[in-house]
Amino acid sequence: MLTPSPTAPPVRRLTHRDLIACADLSEDRGWPREEHKWGLLLTAGQGYGIDDPAGGLMAACAVTRYGPQERPELGAIGMMLVAERHARQGLGRHLLRHVVSALGPTPLTLHATPLGRPLYEELGFKTTGRAEMVSGRFLPGGPAPMVPTRAATAGDLPAIIRLDVDVFGTDRTHMITRLPAFADRLRVAVEDGRIIGYAAAWPNMDTHVIGPLIARDTETARALVASLAAHTDRPLRTDVDVRHEELLAWLKERGLASVAFNSVMTHGITELPGDWTRRFAPLTVAAG
């Protein structure tokens, strides 16, 4: 257990009522407000924050637990933010220590920027992977994908959840069942009546983020991306595991450009569960 300083400011659980304060904090640090994403994280997961005596939040983050509620098998930490006026005062370290202690033996994962990685390493997180963010307007062209896709229906949800558990490595039903309302588009790839992949495109400011992207192989992933791109006039953004080199090369051929690289880090496990060969992109880097 990590023992907080007796003079450290209290950390409290956030609720959906704190959504605007979380969005204000994002904006304060030069991030998009991302109210839509914060809404998901504060309802499907748990927020932790430190109140600012002057109003609003000095620091905040979100945690999404997966697996059995009484004994989670994985926790994803995201949206770790400290207000600019309170930066470099140890608040981020204090908040993260509190969260790690609160989650006890639960294995943890997060996506770290180069700036944040030293703090996570200090608290025992290890780099176990890497993701590349790509963004831009999708340019149609090239050979048409051979894998058929269609809009997902309510009847597809049980099969989508079964596939997701197999690929993600633990149950995240509470997130997947929110996708039809959270995302603007949810599509499945089908072969012989069987779902072999699925992907969602959800709105984030002026872009559509593609995630999750779960697919049998690269050709299936391409088909899902192309089908989502055909139903939006917004730029696309996604975060792809760098081991999926073929998909990243194809996305760049289709007009998306590299924006940033993040380290995928874990605590308490040496690698993420599941099958990375079929896990192309997370729902969001904040929730895995």
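## Elements and model

Helices here are DSSP runs of H or I with at least four residues, strands are DSSP runs of E with at least two, and both are numbered from the N terminus. With that in hand, let's look around this structure, which is a predicted model.

In soluble globular proteins, nonpolar side chains tend to be buried together. In this model, the largest nonpolar core has 41 residues. Those with the most contacts inside this core are Trp38, Tyr66, Met175, Ile176, Leu179, Tyr198 and Leu283. Helix α5, which spans residues 157–168, gives the core its largest share, at six residues.

## Two loop residues with positive phi

Next, have a look at the backbone of Arg88. This residue is not a glycine, yet its phi is positive, at about 60°. You will find Arg88 in the loop that runs between β4 (74–82) and α3 (91–103). Its relative accessible area is 74%, so Arg88 is exposed.

Asp192 is also worth a visit: its phi is positive, at about 50°, although Asp192 is not a glycine. The loop between β8 (185–191) and β9 (194–204) is where Asp192 lies. Exposed means over 50% relative accessible area. Asp192 has 78% relative accessibility and therefore counts as exposed.

The peptide bond between Gly211 and Pro212 is cis, with omega at about 0°.

## Cysteines without a disulfide

How many disulfides does the structure hold? The number is zero. A pair of cysteine sulfur atoms has to be within 2.5 Å to count as a disulfide. For Cys22, the closest cysteine sulfur is that of Cys61, and because the two sulfurs are 9.5 Å apart, they are too far from each other for a bond. Starting from Cys61 leads back to Cys22: its sulfur is the closest cysteine sulfur, at 9.5 Å, which is too far for a bond.

Are these cysteines buried or exposed? Cys22 has a relative accessible area of 0%, so this residue is buried. Cys61 is at 0% relative accessibility and therefore counts as buried.

Notes: Residues are numbered from 1 along each chain as its sequence is written. This is a predicted model: local features need pLDDT of at least 70, side-chain atom pairs count only at pLDDT 80 or more; totals for chains, interfaces and linings use all residues. Side-chain values use heavy atoms; hydrogens and water are left out. A nonpolar core is a set of buried Ala, Val, Leu, Ile, Met, Phe, Trp, Tyr and Cys residues joined through side-chain atoms within 4.5 Å. Buried means under 20% relative accessible area, exposed over 50%, partly exposed in between (1.4 Å probe, protein chains only).
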